[in-house]
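Please look over the sequence and the structure first, and then follow the account below.

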Amino acid sequence: VPEGRIGVMPDFDRTKEVLEDFSIDSLFMVGTLMRPGGSLYALIKDPDGGLHRVAAGNYMGRNFGEVTGVNGIKVDVIEIVSDGQDGWIERPRTIVITE
């Protein structure tokens, strides 16, 4: 197994979340929401005009993208994509807020 591929694999048994029906490139961060007690959520708009709140641990995009962090201007996501050789690699993505 080439370096960097050990243990990287999508969880095919996990129930998919709504935003996994869309390409990550079609999703836009349009704002944030702060819960009492301090949890920060990103507000994500889908191509159909739906608005969703996401936090670390949620999933989005078609490549098993897990949200790893949210702040006032961006959402960090780690996707798991095919390496083209029957394996998987992690690919970081960032969705920056759109004004």
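## Salt bridges, sheets and aromatic pairs

K74 is partly exposed, having a relative accessible area of 25%. The terms are set as follows: buried means under 20% relative accessible area, exposed means over 50%, and partly exposed lies in between, with a 1.4 Å probe and protein chains only. This is a predicted model, in which local features need pLDDT of at least 70 and side-chain atom pairs count only at pLDDT 80 or more, whereas totals for chains, interfaces and linings use all residues. Residues are numbered from 1 along each chain as its sequence is written, and side-chain values use heavy atoms, with hydrogens and water left out.

### Charged pairs

Side chains of opposite charge can pair when their charged atoms come close. Here a salt bridge requires a side-chain nitrogen of Lys or Arg within 4 Å of a carboxyl oxygen of Asp or Glu. The count by this rule is six salt bridges. Three of them are set out in the table, including the N to O distance of each.

| Salt bridge | N to O distance | Relative accessible area |
|---|---|---|
| K16 and E20 | 3.9 Å | K16 49%, E20 5% |
| K74 and D76 | 2.8 Å | K74 25%, D76 23% |
| R91 and E79 | 2.7 Å | R91 32%, E79 0% |

D76, the partner of K74, is partly exposed. R91 and E79 form a salt bridge. Because R91 lies in strand β7 and E79 in strand β6, the pair ties together parts that are 12 residues apart in sequence. R91 is partly exposed, while E79 is buried. Both residues also belong to a network of salt bridges that links D25, E79, R91 and R93.

### The four-stranded sheet

Strands are DSSP runs (E, at least two residues), numbered from the N terminus. Two strands pair if DSSP finds at least two bridges between them. Strands of a sheet pair through backbone hydrogen bonds, either parallel or antiparallel.

Four strands make up an open sheet with antiparallel pairing, in the order β4-β5-β6-β7. Strands β4 and β7 (88-96) stand at the edges with a single partner strand each, so one side of each is left without a neighbour in the sheet. Nine bridges join strand β6 (residues 74-82) to β7 in the antiparallel sense. Which residue is the bridge partner of I80 in β7? That partner is E90.

Strands β1 and β2 (residues 40-45) run antiparallel and are joined by six bridges. They form a hairpin with five residues between them, and G37 in the turn has a positive phi of about 100°.

F28 belongs to strand β1 (residues 28-34), and its bridge partner in β2 is K45. F28 is partly exposed, with a relative accessible area of 42%.

### Aromatic pairs

A pair of aromatic rings is described by the distance of the centres and the angle of the planes. Rings of Phe, Tyr and Trp (its six-membered ring) pair if their centres lie within 6.5 Å; planes under 30 degrees apart count as stacked, over 60 as edge-to-face and the rest as tilted. The structure holds three aromatic pairs. One of them is the edge-to-face pair of F12 and F64, at 5.6 Å centre to centre and 85° between the planes. This pair links distant parts of the chain, 52 residues apart: F12 is in the segment before β1, and F64 is in the loop between β4 (59-60) and β5 (65-70). F64 counts as buried, at 14% relative accessibility. F12, F64 and W88 form one aromatic cluster.
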